[in-house]
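Work through these exercises with the model open. Try each task before you read its solution.

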Amino acid sequence: MIKLNIAATRSTPAIRLDSETGQIGIAGESYPENAAAFYQPVLRDIETWLETATPGRLDVCFELLYYNSSSSKAIMNLMDLLEAAAGKGCSITVHWRFHEENDIIRESGEEFQEDYETLHIELEAFTTD
(Lines give C-alpha, C1' and ligand atoms only; values in the text may rest on other atoms or scores of the structure.)
Protein backbone atom coordinates (compact mmCIF):
# COMPACT_ATOMS: atom_id res chain seq x y z
CA MET A 1 0.00 0.00 0.00
CA ILE A 2 1.29 3.44 -0.93
CA LYS A 3 0.16 6.61 0.79
CA LEU A 4 1.53 10.07 0.22
CA ASN A 5 0.36 13.25 1.86
CA ILE A 6 2.56 16.17 0.88
CA ALA A 7 1.44 19.54 2.22
CA ALA A 8 1.26 22.49 -0.12
CA THR A 9 3.79 25.29 0.13
CA ARG A 10 3.85 28.67 -1.52
CA SER A 11 5.40 27.16 -4.67
CA THR A 12 4.39 23.48 -4.57
CA PRO A 13 1.00 21.80 -4.64
CA ALA A 14 -0.52 19.50 -2.08
CA ILE A 15 -0.24 15.93 -3.30
CA ARG A 16 -2.32 13.06 -1.97
CA LEU A 17 -2.01 9.47 -3.07
CA ASP A 18 -3.87 6.57 -1.53
CA SER A 19 -3.39 3.27 -3.33
CA GLU A 20 -6.01 1.61 -1.13
CA THR A 21 -8.82 3.90 -2.33
CA GLY A 22 -7.34 4.49 -5.79
CA GLN A 23 -7.17 8.26 -5.48
CA ILE A 24 -4.57 10.83 -6.45
CA GLY A 25 -5.01 14.54 -5.81
CA ILE A 26 -2.81 17.47 -6.82
CA ALA A 27 -3.96 20.92 -5.77
CA GLY A 28 -2.53 24.41 -5.49
CA GLU A 29 0.23 26.23 -7.33
CA SER A 30 3.25 24.55 -8.85
CA TYR A 31 6.37 26.56 -9.58
CA PRO A 32 9.11 24.90 -7.54
CA GLU A 33 12.68 25.97 -8.14
CA ASN A 34 13.46 22.42 -9.26
CA ALA A 35 10.27 20.75 -10.49
CA ALA A 36 12.08 17.57 -11.53
CA ALA A 37 13.45 17.06 -8.02
CA PHE A 38 10.06 17.79 -6.44
CA TYR A 39 7.99 15.52 -8.70
CA GLN A 40 10.47 12.68 -9.31
CA PRO A 41 9.77 10.76 -6.05
CA VAL A 42 6.03 11.19 -6.52
CA LEU A 43 6.13 9.94 -10.10
CA ARG A 44 8.37 7.04 -9.06
CA ASP A 45 5.88 5.96 -6.36
CA ILE A 46 2.95 6.22 -8.76
CA GLU A 47 4.79 4.34 -11.48
CA THR A 48 5.76 1.56 -9.04
CA TRP A 49 2.18 1.30 -7.82
CA LEU A 50 0.72 1.20 -11.33
CA GLU A 51 3.24 -1.40 -12.51
CA THR A 52 2.91 -3.70 -9.53
CA ALA A 53 -0.77 -3.42 -8.67
CA THR A 54 -2.58 -2.00 -11.71
CA PRO A 55 -5.68 -0.88 -9.80
CA GLY A 56 -9.08 -1.57 -11.35
CA ARG A 57 -10.26 1.99 -10.87
CA LEU A 58 -8.40 5.22 -10.29
CA ASP A 59 -9.64 8.77 -9.72
CA VAL A 60 -7.16 11.57 -10.26
CA CYS A 61 -8.07 15.14 -9.34
CA PHE A 62 -6.04 18.11 -10.51
CA GLU A 63 -6.99 21.47 -9.05
CA LEU A 64 -4.12 23.67 -10.07
CA LEU A 65 -4.36 27.43 -9.92
CA TYR A 66 -1.07 27.95 -11.73
CA TYR A 67 1.86 25.86 -12.93
CA ASN A 68 5.07 26.75 -14.73
CA SER A 69 6.60 25.07 -17.75
CA SER A 70 8.83 22.73 -15.76
CA SER A 71 5.81 21.58 -13.74
CA SER A 72 3.98 21.08 -17.02
CA LYS A 73 6.58 18.47 -17.99
CA ALA A 74 5.98 16.59 -14.73
CA ILE A 75 2.21 16.71 -15.26
CA MET A 76 2.65 15.33 -18.77
CA ASN A 77 4.85 12.55 -17.38
CA LEU A 78 2.09 11.68 -14.90
CA MET A 79 -0.51 11.72 -17.68
CA ASP A 80 1.72 9.38 -19.71
CA LEU A 81 1.85 6.94 -16.76
CA LEU A 82 -1.93 7.12 -16.41
CA GLU A 83 -2.44 6.62 -20.16
CA ALA A 84 -0.26 3.50 -20.06
CA ALA A 85 -2.23 2.10 -17.09
CA ALA A 86 -5.51 2.85 -18.86
CA GLY A 87 -4.19 1.00 -21.88
CA LYS A 88 -3.69 -2.04 -19.64
CA GLY A 89 -7.34 -1.99 -18.55
CA CYS A 90 -7.36 0.32 -15.54
CA SER A 91 -10.46 2.53 -15.49
CA ILE A 92 -9.10 6.03 -14.92
CA THR A 93 -11.03 9.26 -14.57
CA VAL A 94 -9.07 12.50 -14.47
CA HIS A 95 -10.97 15.40 -12.93
CA TRP A 96 -9.34 18.58 -14.30
CA ARG A 97 -10.76 21.28 -12.02
CA PHE A 98 -10.20 24.93 -12.86
CA HIS A 99 -11.51 28.25 -11.63
CA GLU A 100 -14.16 29.42 -14.07
CA GLU A 101 -12.14 32.58 -14.83
CA ASN A 102 -8.84 30.76 -15.40
CA ASP A 103 -8.76 30.27 -19.16
CA ILE A 104 -5.16 29.07 -19.19
CA ILE A 105 -5.80 26.10 -16.88
CA ARG A 106 -9.08 25.31 -18.70
CA GLU A 107 -7.27 25.31 -22.05
CA SER A 108 -4.57 23.04 -20.63
CA GLY A 109 -7.27 20.56 -19.67
CA GLU A 110 -8.76 20.76 -23.14
CA GLU A 111 -5.35 20.04 -24.65
CA PHE A 112 -4.95 17.00 -22.39
CA GLN A 113 -8.38 15.79 -23.55
CA GLU A 114 -7.15 15.99 -27.16
CA ASP A 115 -3.75 14.41 -26.48
CA TYR A 116 -4.76 11.41 -24.37
CA GLU A 117 -7.13 9.00 -26.05
CA THR A 118 -7.53 6.32 -23.39
CA LEU A 119 -7.92 8.59 -20.36
CA HIS A 120 -11.35 9.87 -19.45
CA ILE A 121 -10.69 13.55 -18.64
CA GLU A 122 -13.52 15.59 -17.21
CA LEU A 123 -13.22 19.38 -17.18
CA GLU A 124 -14.86 20.81 -14.08
CA ALA A 125 -15.19 24.57 -13.51
CA PHE A 126 -15.54 25.91 -9.99
CA THR A 127 -16.17 29.32 -8.49
CA THR A 128 -15.10 31.02 -5.33
CA ASP A 129 -17.42 33.30 -3.43
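A residue is called exposed when its relative accessible area is over 50%, buried when it is under 20%, and partly exposed in between. Keep these cut-offs at hand. The model is predicted.

**Exercise 1. Find how far apart the closest N and O atoms of Asp18 and Lys3 are, and classify both residues as buried or exposed.**

Solution.
- Step 1: The closest N and O atoms of Asp18 and Lys3 are 3.3 Å apart, and the pair forms a salt bridge.
- Step 2: Locate the partners. Asp18 sits in strand E2 (residues 14-18) and Lys3 in strand E1 (residues 3-6), so the bridge ties together parts 15 residues apart in sequence.
- Step 3: Apply the cut-offs. Lys3 has 53% relative accessibility, so Lys3 is exposed.
- Step 4: Asp18 has a relative accessible area of 16%, so Asp18 is buried.

**Exercise 2. State which strands the salt bridge between Glu124 and Arg97 links.**

Solution.
- Step 1: In this salt bridge the closest N and O atoms lie 3.9 Å apart.
- Step 2: Glu124 belongs to strand E6 and Arg97 to strand E5, distant parts of the chain 27 residues apart.
- Step 3: Arg97, at 22% relative accessibility, counts as partly exposed.

**Exercise 3. Explain how Arg106 and Glu110 are placed along helix H3, and name the network they join.**

Solution.
- Step 1: Their side chains meet in a salt bridge, 2.8 Å from N to O.
- Step 2: Arg106 and Glu110 are 4 residues apart in helix H3, so about one helical turn separates them.
- Step 3: Both are partly exposed: Arg106 has a relative accessible area of 23%, and Glu110 is at 28%.
- Step 4: Salt bridges with shared partners join Asp103, Arg106, Glu107 and Glu110 into one network.
- Step 5: For the whole model, the count is 7 salt bridges.

**Exercise 4. Compare the span of helix H2 with the expected value, then find what covers its buried residues.**

Solution.
- Step 1: H2 covers residues 69-87, which is 19 residues.
- Step 2: From first C-alpha to last, H2 reaches 27 Å, close to the 27 Å expected at 1.5 Å a residue.
- Step 3: List buried residues. Among them are Ile75, Leu78, Leu82 and Glu83.
- Step 4: Their cover includes E3, H1, strand E4 (57-67), strand E5 (91-99), helix H3 (103-115) and strand E6 (120-126).
- Step 5: Look just past the helix. Gly89 takes a positive phi of about 110°.

**Exercise 5. Name the residues of the nonpolar surface patch of about 280 Å².**

Solution.
- Step 1: Tyr31, Leu65 and Tyr66 make the patch.
- Step 2: Tyr31 lies in the loop between strand E3 (23-30) and helix H1 (35-52).

Key:
Residues are numbered from 1 along each chain as its sequence is written. This is a predicted model: local features need pLDDT of at least 70, side-chain atom pairs count only at pLDDT 80 or more; totals for chains, interfaces and linings use all residues. Side-chain values use heavy atoms; hydrogens and water are left out. Patches are made of residues with over 30% relative accessible area and no salt bridge: like charges are joined within 9 Å, nonpolar side chains (Val, Leu, Ile, Met, Phe, Trp, Tyr) within 5 Å. Accessible areas come from the Shrake-Rupley method with a 1.4 Å probe; for residues, only the protein chains shown count as cover. A salt bridge is a side-chain nitrogen of Lys or Arg within 4 Å of a carboxyl oxygen of Asp or Glu. Helices (H or I, at least four residues) and strands (E, at least two) are DSSP runs, numbered from the N terminus. The expected span of a helix is 1.5 Å times one less than its number of residues. Buried means under 20% relative accessible area, exposed over 50%, partly exposed in between (1.4 Å probe, protein chains only). Contact means heavy atoms within 4.5 Å.
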